[in-house]
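Hi,

Here is the structure I promised to pass along.

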Amino acid sequence: MRIGVFDSGLGGLSVLRAIRQELPDASLHYVADSAWVPYGPRGEEFIQLRSRTLAHFLAEHGADIIVVACNTATAAAVPTLRESLGAPVVGMEPAVKPATAATRNGKVGVLATVGTLQSARFAALLDQFGAGIEVLTRACPGLVEQVEAAELDSPRTRALVEQYTAPLLRAGVDTLVLGCTHFVFLRPMIEAVAGPGITVIDTGAAVARQVRLVADSLGSTFARASGVEFWTSGDVGRLAEPLNTLWGERVVLSVLPGEYAGQTA
């Protein structure tokens with residue numbers, strides 16, 4: 001069983017980690033599209049093109065399941081990927097549904113990228129699960145770049161976290177949703193800034209459980225100690241150290257072949 005995972009950059013490593021914990025015997029392939037990170041400010045057509053390119057790369061390398069470890073790419077591209085690929089596609093979305101169960105006062109804050117918050121998929125999510133609660137959103141430009149540089153504890157990162165959480169906390173939210181996979185790496189800082197009375201939720205574990213369900217439905221078997229392979233469309237020399245820091249161990253990072261690194265499929 002091979003599971004292919006892609007994200008605009010290194011943020012999807014948080015999902016990859018959850019998948020490895022859920023399925024330790026699976027072979028995992030990860031692509032960080034860091035030449036084009038962040039996806040948030042880019043148009044839907046561009047994100048669809050990149051998503052198709054990376055999904056086809058992973059499928060051609062034998063992925064039995066494709067995981068879109070990016071909320072923005074899920075919103076823009078998952079429906080078309082499911083139409084065009086033979087392999088099952090697992091996407092993700094901000095954890096609005098579990099947040100509605102977790103909130104005590106009916107006020108939920110969502111930290112995400114511009115692309116996610118402006119998507120039709122997110123609007124539909126609010127329509128489906130947001131009834132009866134107040135959902136406040138905050139786009140967080142700059143945070144993705146801080147995680148890409150593995151600056152998880154820097155004064156600049158803390159200043160951005162304080163800036164983006166402050167209006168939500170002033171509004172009285174008691175639950176914060178991390179609507180971007182990059183932000184999971186900032187969870188300790190976000191929890192520290194928000195304080196002990198705030199519940200912080202992300203979807204990595206839920207996505208991993210969904211991947212297991214799909215794998216079970218395929219009747220797939222796993223080879224032990226299959227390992228993880230990493231590719232990027234970005235600068236390997238610049239990304240290797242942040243990748244090692246975020247993943248928690250030293251790994252080999254390969255350059256994505258040229259035909260997959262460009263803008264279009």
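With 265 residues, what radius of gyration would a compact globule have, and what does the protein have? The globule value would be near 18 Å, and the protein has 18 Å, so the two agree. Please keep in mind that this is a predicted model.

A few overall values first. Along the principal axes, the C-alpha atoms fill a box of roughly 50 × 40 × 35 Å. Of the 265 residues, 53% are buried. The accessible surface comes to about 10,900 Å², and 50% of that belongs to carbon and sulfur atoms. If you take contacts between residues at least 6 apart in sequence, 75% of them join residues at least 24 apart.

Now to the secondary structure. The protein has twelve helices and ten strands. Six strands form an open sheet with parallel pairing, in the order S4-S3-S1-S2-S9-S10. At its edges are strand S4 (89-90) and strand S10 (253-255), each of which pairs on one side only. In general, strands of a sheet pair through backbone hydrogen bonds, either parallel or antiparallel.

Strand S2 (residues 27-32) pairs with strand S9 (residues 228-232) in the parallel sense, over five bridges.

Finally, find helix H1 (residues 13-22), which lies across strand S1 (2-7), S2, strand S3 (65-68) and S9. Helix H1 runs at about 175° to S2.

Note on methods
Residues are numbered from 1 along each chain as its sequence is written. This is a predicted model: local features need pLDDT of at least 70, side-chain atom pairs count only at pLDDT 80 or more; totals for chains, interfaces and linings use all residues. Side-chain values use heavy atoms; hydrogens and water are left out. Two strands pair if DSSP finds at least two bridges between them. Helices (H or I, at least four residues) and strands (E, at least two) are DSSP runs, numbered from the N terminus. Contact means heavy atoms within 4.5 Å. Axes are lines fitted to C-alpha atoms, for helices over the stretch in contact, and angles run from 0 to 180 degrees between N-to-C directions. The radius of gyration is taken over C-alpha atoms; the globule rule is 2.2 Å times the number of residues to the power 0.38. Buried means under 20% relative accessible area, exposed over 50%, partly exposed in between (1.4 Å probe, protein chains only). Accessible areas come from the Shrake-Rupley method with a 1.4 Å probe; for residues, only the protein chains shown count as cover.
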